[in-house]
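Here are some exercises to work through with the model open in your viewer. Try each task before you read its solution.

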Amino acid sequence: MAVIRRLRFRPSTAARGLVKGRTQTLGVLVPFFTKHYFLEILRGIEQALAGTDYSLIIYSVERPEQASAHLSFLSRVHRVDGLIVIALSGRAVATGCRRLARRCPVVAIDANLGGAMNLLPDHELGMYLAVKHLIGLGHERIALVDRPEDPVFGTITEARRQGYRRAFREAGLSLRSPRVVIADYSQEGGYEAVGRLLTARRPPTAVACASDLQAVGALRAVEEAGLRVGADIAVTGYHDVELARYVGLTTVHLPAFEMGEVSAGLLLSILTGRQAAEQPTLPPPYLVVRASCGRHRAQAR
């Protein structure tokens, strides 16, 4: 111990990994990781790994073939001790994850993958809260600008649309001609979708978007149409990224940071033999009300 102190010896993580058969590394497969929502999940993962011997490797996916290549490589080469997959659900991802799960644990965030432990936020409740709020403000012509759940493979899920329809049913409003548009997960996607909706014979008086990025594009489309956000038309977002606060966007807060933290903690528990007996639960989404919905329409009139 005296020699260790005198030489300021530090154990080699690589050497320890060779002895234990571990790399002391976790991998994250994430699409377009520069988008705010995914960055918040990554922050949660980093927080969970702080103070541990584990490091993180990020595998970014922007094209379907990249996902297949990364998963094929990880199945052949012992590069990570566990993998977190964020919002990727294509067939190639599902097949690759099942193969990889035979060798190491896999956790999927915001995706439902066979062979993985899945952490799914309650998207139905999230959109229900947004649309219920708009109905409470007096809106009846409410459009939903939805997005692919998986931005790489374009996978569409029904959860948010189920929440949209549930809010209408509970309010006793007609759903004979629901206004649902699928748009790209981007500001441009929201801008183009809302621009088209505003040219309809009876345009919506409110728009619920499936991401804050789409909602920011929607705000621009509303302003360029000569309308006032919050007075002539209400807009809500989804995710509650930091940008939403600065543009006064009413939005649904998803527990992105917590999802990252819980997923990494789950992997660490498995790798250290401390796996919890039950699947971890996530905090429910909630609505953050800001200026983009304005006052109650009856009061405004």
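**Exercise 1.** Work out whether Phe 38 is buried or exposed in this predicted model.

*Solution.* Start with the relative accessible area of Phe 38, which is 1%. Buried means under 20%, so Phe 38 counts as buried. Next, look at Tyr 37: this residue is buried as well.

**Exercise 2.** Find how many aromatic pairs the structure has, and classify the pair of Tyr 37 and Phe 38.

*Solution.* Searching the whole structure gives three aromatic pairs. In the pair of Tyr 37 and Phe 38, the ring centres are 5.5 Å apart and the planes meet at 45°. Planes under 30 degrees apart would be stacked and those over 60 edge-to-face, so this pair is tilted.

Now take Phe 38 with Tyr 185: the centres lie 6.1 Å apart and the planes are at 90°, so this pair is edge-to-face. Phe 38 belongs to helix 3 (residues 36-49), while Tyr 185 is in the loop between strand 7 (179-182) and helix 8 (187-197), so the pair ties together parts 147 residues apart in sequence. Tyr 185 has 4% relative accessibility and therefore counts as buried. Put together, ring pairs join Tyr 37, Phe 38 and Tyr 185 in a cluster.

**Exercise 3.** Trace what Arg 160 and Arg 161 do with their charged side chains.

*Solution.* First, Arg 161 makes a salt bridge with Asp 146, with 3.2 Å between the closest N and O atoms. Arg 161 is in helix 7 (residues 159-170) and Asp 146 in strand 6 (residues 142-146), 15 residues apart. Both residues, Arg 161 and Asp 146, are buried.

Second, Arg 160 meets Glu 149 in a salt bridge of 3.0 Å, N to O, and Glu 149 and Arg 160 are buried too. Third, the charged end of Arg 160 also sits over the ring of Tyr 238, 5.5 Å from its centre.

Notes. Residues are numbered from 1 along each chain as its sequence is written. This is a predicted model: local features need pLDDT of at least 70, side-chain atom pairs count only at pLDDT 80 or more; totals for chains, interfaces and linings use all residues. Side-chain values use heavy atoms; hydrogens and water are left out. Rings of Phe, Tyr and Trp (its six-membered ring) pair if their centres lie within 6.5 Å; planes under 30 degrees apart count as stacked, over 60 as edge-to-face and the rest as tilted. Buried means under 20% relative accessible area, exposed over 50%, partly exposed in between (1.4 Å probe, protein chains only). Helices (H or I, at least four residues) and strands (E, at least two) are DSSP runs, numbered from the N terminus. A charge sits over a ring if NZ of Lys or CZ of Arg is within 6 Å of the ring centre and within 35 degrees of the ring normal. A salt bridge is a side-chain nitrogen of Lys or Arg within 4 Å of a carboxyl oxygen of Asp or Glu.
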